[in-house]
Amino acid sequence: MTDLAKFAADKGVKFFLFNFTDLFGVQRAKLVPAQAVGGMQNSGAGFAGFASWLDMTPAHPDMFVMPDANTVIQLPWKPEIAWVAGDPWMDGEPVAQAPRNVLQSLVTRAASASLVMKSGVEPEFHLINADGTEISDERDIQEKPCYDQSALLRRYDVISEICSTMIELGWGPYQNDHEDANGQFEINWDFGDCLETADRHAFFKFMVKAIAEKHGLRATFMPKPFSHLTGNGCHVHHSIWTPDGKTCVFDGDDEMGLSDTAYHFLGGLMTHGAAMCAITNPTVNSYKRINAPATLSGATWSPSSVTYGGNNRTHMVRIPDGGRLEFRLADGAANPYLLQAVLLAAGLDGIQRKLDPGKRLDIDMYTEGHKARGAKKLPLNMLDAIREFQKDKYLKTAMGDAFSAAYIKLRTREWNQFTKHLTQWERDQTLDC
Ligand SMILES: [Mg+2]
């Protein structure tokens, strides 16, 4: 375990961000001065849980965020500060509803079945102007802007600084590109154990926003920031390994290069796909990305049904290669910890009950979706997704009863707040009714 006081002395760190991520994916922190970090590493930093998106009241006792010191990162763009992911505790026990604790419980459950999930995420983001109204590059107007070399290089200063930071951190980034929407980018880095990927995903969102801001821009992971453009997905490539992390249990010798275990895991994703949406597509805005009409570029690149295919990007799950699956449903608003947790929860059910994912569909879901008879449609809005999750007894228990109750309560409250807003569209449609 890294000694944070020593880390500060060795690296010249003056302050530590003791960080935790709440149910809605908001990253919260206390800024702890280096001279106090020795004691705080043992005691944790105190928070009032109610003041964040956790289901607590002002009467709850102090919640202490215990730093997982092995996750510490010195901020390359502000080296006097270090960030460390933490686990919320209360009354001497981990807070069961806290997302990082939820993921760790599932990692432990998988380990007891001698399984380890490794994953990599592809969080897409838009670089927009500081007031959030438009993309930041007014020359980025191509109908098909994906991989646009010139538009990529016009944002070279920001993208290369993020990528260089990731190289410095040892994450193994290997490509940067302009994505399918104007103003949209993606940076890919090496996969790893799912908890490490979740921590990096959380840090990535913080880092991308911070570095964009430094350049006078703003980065957003919002699922659908512009209605006519492709939204921000967060695809997850994942596979199951033996406990020593050396053998990929998904490797197999069928025509797709997958094992029976991989198909059972996939069976879990098919069984729980609609309910998973409440976690993987957590906001009102999420449902403007999935089930959406074609965008300016010609495709949304997001699924609308619970289906899987081979190397085919129109399905919820793609089999890109032997030995792994790509889950294409999640979006930029997904909580990094809950995203990994819900995938693992659904997949473990598939493995443990040997679920059958059904037949692979080798069709273009955007033009031939009607041929996919019996394929379950994804929820059309956030409330439907919450209801699907509420109906899924297995998933609620697997994610933890305390978590599930808290999550359903707070997200339902959010939905109810949304429905109170009278939109201009409603007025235009209805004033003369
Ligand atoms: Mg992408």
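Predicted model: local features only at pLDDT ≥ 70, side-chain atom pairs only at ≥ 80, totals over all residues.
How are α5 and α6 oriented to each other: parallel, antiparallel, perpendicular or oblique? That was what I wanted to know when I opened this one.

**Entry 1**

I took the bounds first. Helix α5 covers residues 156–169, and helix α6 covers residues 194–214. I then looked up the packing angle, which is about 140°, and the distance between the axes, which is 10 Å. Angles over 145 would count as roughly antiparallel and 65 to 115 as roughly perpendicular, with the rest, once those under 35 are set aside as roughly parallel, being oblique. α5 and α6 are therefore oblique to each other. I also noted the handedness: α5 passes α6 in a right-handed crossing.

Next I asked myself which residues make the contact. From α5 I have V158, E161, I162 and T165. From α6 I have M207, V208, I211 and A212. Sorted by class, the contact of α5 with α6 comes out as six nonpolar residues, one polar and one charged.

**Entry 2: the sheet beside them**

I moved on to the strands. There is an open sheet of four strands here, and I wrote down its order as β10-β11-β9-β13, with antiparallel pairing. Which strands sit at the edges? They are β10 (173–178) and β13 (218–220), each of which pairs on one side only. On average, neighbouring strands in this sheet are turned by 30° against each other, ignoring direction.

I zoomed in on one pair. Strand β9 (residues 125–128) and strand β11 (residues 184–189) pair in the antiparallel sense over two bridges. F125 stands opposite F185 in β11.

**Entry 3: helices against strands**

Where do the two helices lie relative to these strands? I found α5 across β9, β10 and β11, running at about 165° to β10. α6 lies across β9 and β13, and its angle to β13 is about 155°. So much for the local picture; β9 goes in my notes under both helices.

**Entry 4: zooming out to domains**

Last, I checked how the protein is divided. Domain 1 is 4–94 and domain 2 is 105–423. Their C-alpha centres lie 27 Å apart. How many residues does each domain put into the contact? I get 13 residues from domain 1 and 18 residues from domain 2. I looked up the make-up of the side of domain 1 that touches domain 2: eight nonpolar residues, four polar and one charged.

Definitions and conventions. Residues numbered from 1 in each chain as written. Domains from an automatic or database assignment. Contact = placed C-beta atoms within 7 Å. Nonpolar A, V, L, I, M, F, W, Y, C, P; charged D, E, K, R; others polar. Axes fitted to C-alpha atoms, helices over the stretch in contact; angles between N-to-C directions. Left-handed = near helix turned anticlockwise from the far one by under 90°. Pairing = 2+ DSSP bridges.
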